[in-house]
Amino acid sequence: MHSPRYHARFASLFGLGALALAPTGVFAQSAAAPTSNPPAHARTSAANGADTALTKIQVIARELSLTQIPMSSAYSESMIGSSAIRFASPMLDVQGLLERTPSVNVRTPAANGVRTNITFRAFSSGQFSETFDGVPINDPFNGGTTNSASTRNNIPLTLNDISGVHIYRGINNPAVTAYNSLGGTIAFEPRDPSVAPAATVSAGGGSFHTVYYGLTAQTGEIAGVRSMISVNHNSSSGWQANSGNRNTNLYYGGVLPYAGGDGEVYAYAIYNANKGLTPHTAPLPLVEQYGYGFGWPLDWTYSYNQDHGGTYILGDRMHVNSWLAFNARVYARNVAYDRVSYTNPAFAQSATQPYALPNTGGPGTNYHNYLYATHQYGVMPHFTLTLPDNLVKFGGDYSHTTLHSAEFWYGSYPMPLITGASANATDAWDEHDGRTLGSAFLQDEVTLLDGTVHVTPGVKYLFARTSDFDNLGIFYPISGTVSDRESYTSPTLGLNWRPIPHVSLYAAWGETAKFPGISAYYNDVGQTNAAGQTVVVPLNVKPEYVRDIELGARYADHGLAVAMNVYRENFSNTFIQSTNPATQLSSTTNGGSSRYEGVEIDLRDAFETPIGAFSVFGNFSQNKAYFTSSFTVANSAGTAAIAGQSVSSGEPLAGVPKTLGNLGVGWKWRTWRADVSEHYAGSQYVYEYNAGLPGAQTIPSYAVMNFTLRDTLPLRWGAIRDLKLALHVDNVLNRHYYTFGYGDTTYAGTSFVRAIYEEPAAFFGTVAVDF
């Protein structure tokens, strides 16, 4: 309906936005004029639990807090507002931003978020969903958001693209969950344009030869359209030798209000490009011998990565009348990743050089060229019915994604990219995949007993249709196709009770599933049966199932907010990633049952003193993840298990710090602002390299403190409004630590740990001019 006017609106919006696509520096967000207020239905999550009138202390808490605690949610939830984003270090990426909330631990071994991985309630990347304006940004084939399928410098988001984050822990309600929402959902909110024209120019630099600059322009209203156009560039040599990279991020946000402000057509576009070297794990004995910044010499081995891609959303949201609202959007996403790696055979593992080098190939294949490209298109309609005692939400999502993944091996570079049966073929594999994902949900929030009780039942139907085709290659003596269709119905139920005004008690239950990643499919092509024949084996990996139950309580009054919850998630068909030592191909198998359980405590307070206003936050989480059944994982050839591939009931999962904690303080006095925070992670077990299962070695516990100081100087010089100066100190106490490693053996069979070290003490200065 209304199609002629809709066409005019979309044309007007993109007529002004075509020059755009762009983000900005961290200061640009604070420099913008106040953002427009979207229709009431447009940001329903932002209003969750919001008070209609705020006290002075509550205003201080909102302004200074690095985290927020919602009171009215029937599920475990927390929020990160714009304050934490505005005052972030140039080294902080969007995944690292999450680390200040309970049960989140992040590995960031390089600048600009390159090769970042994250655990969330002990779940690994790919076992929880991440969204931008509700659109899933997880890789549809491999599950993760960053570093998925070893796309090491694929950066889907930067801090310049977002205005806030909602962290939904556990299975949660179906209106916010996406695919892979086993451990929870992380929902990034986009930046909207301001009503008044404004601009910010920012720049900075510091340790590791880091150089940063950004530009943001707010057009105000032109022909009814408000636009934000932003660009940001950050280059750094990194703290590990030979690991520097350059990142450019472009962001556009556009809004075209109509129907007297009851509706708006909107558009968000993100384009990100990254080029550079990525860090590799290094044997700890070499780090101890050569120093904290040790990296493999470039004439021994290297990986040069190029990646570009984006997320593009076009939508229409409208408050049709007092009881009906909708938000319908179409979206597209793409990734184009290209890696060239090299290993010098003169330094191959031997009796005199005991450590295996990264990127090692076979004889005459010193160079590898890995390609990974996806294209996704989707549609997502959501509707809301506001009834006297019910808030009903329903909608769905449908998308189709294609993937081309290939790796070519050769003795020199550039290399011929030849696929197939030819004697000159250079492909280790050449894979073409397709995956269709779909979902439909219905959720009702029922208000009872004069608004003191909220019951939220919901149900979500999920389906996946997947096809994998592998061409002839070094790892595939035959070509073949494996396909499958899976579906699951996910029920949820949440309850929130406010027995007295400042206290809420809640309980939640839910079930969901994670569909197998693409490695479960390609591993079935080219297997050898008992008769010695090379065959394609039907898919035999089942979805991963989880059942979640949670109990919690919250208290909030006069700037103080406290939340506590306990949870238990029982898994069946736990996915295990193992690597064939001969082919180095990773594959997915089911590995029995496991249990994730823990307790989370979150606190925030705000108060005024003669020396300024303060906001304090702290949280503590105890997460336990362990297998609840004994099993043995065979290697990818289907033969007897190799060493390290058996587990017993009660054995802990690797890569999971049992204890996590955060403590932070924000301060404001006149034009000055300061933030200091510390993150603590307990020890964790590491994986054995090929087995994909926990070994005997552990990563030690660590604590890291970060500090920011900023001053705003009002200038009022012509068009210049103010000048912002900031100092950022990362890892104030210069802790030497690592968050990722795995067990390996030397040429002589001696066990050791490989690891990538995190950022040492670093100093950065930034300046921003607001117009």
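How many nonpolar, polar and charged residues does the lining of the second largest cavity have? In this predicted model, local features need pLDDT of at least 70 and side-chain atom pairs count only at pLDDT 80 or more, whereas totals for chains, interfaces and linings use all residues. Residues are numbered from 1 along each chain as its sequence is written, and side-chain values use heavy atoms, with hydrogens and water left out.

The structure holds 12 cavities of 30 Å³ or more, a cavity being a set of points on a 1 Å grid over the protein atoms alone where a 1.4 Å probe fits but cannot get out, with lining residues having an atom within 4 Å of a point. The second largest cavity contains about 240 Å³ of space, and among its 19 lining residues Pro-90, Leu-92, Asn-160, Asn-232 and Asn-234 lie nearest the centre. Its lining has 9 nonpolar, 9 polar and 1 charged residues, where Ala, Val, Leu, Ile, Met, Phe, Trp, Tyr, Cys and Pro count as nonpolar, Asp, Glu, Lys and Arg as charged, and the others, Gly among them, as polar.

The largest cavity has a volume of about 630 Å³, the volume being the space filled by probe spheres set on grid points that are joined across faces, edges and corners. Of the 33 residues lining the largest cavity, Leu-92, Gly-96, Glu-99, Arg-100 and Asn-706 are the closest to its centre, and by class the lining comprises 15 nonpolar, 10 polar and 8 charged residues. At least two lining residues come from each of strand 33 (659–669), strand 34 (672–681) and strand 37 (702–717), strands being DSSP runs (E, at least two residues) numbered from the N terminus.

How values were computed
On a 1 Å grid over the protein atoms alone, a cavity is a set of points where a 1.4 Å probe fits but cannot get out, and a pocket is an open set with protein on both sides within 12 Å along at least five of seven lines; lining residues have an atom within 4 Å of a point. Helices (H or I, at least four residues) and strands (E, at least two) are DSSP runs, numbered from the N terminus.
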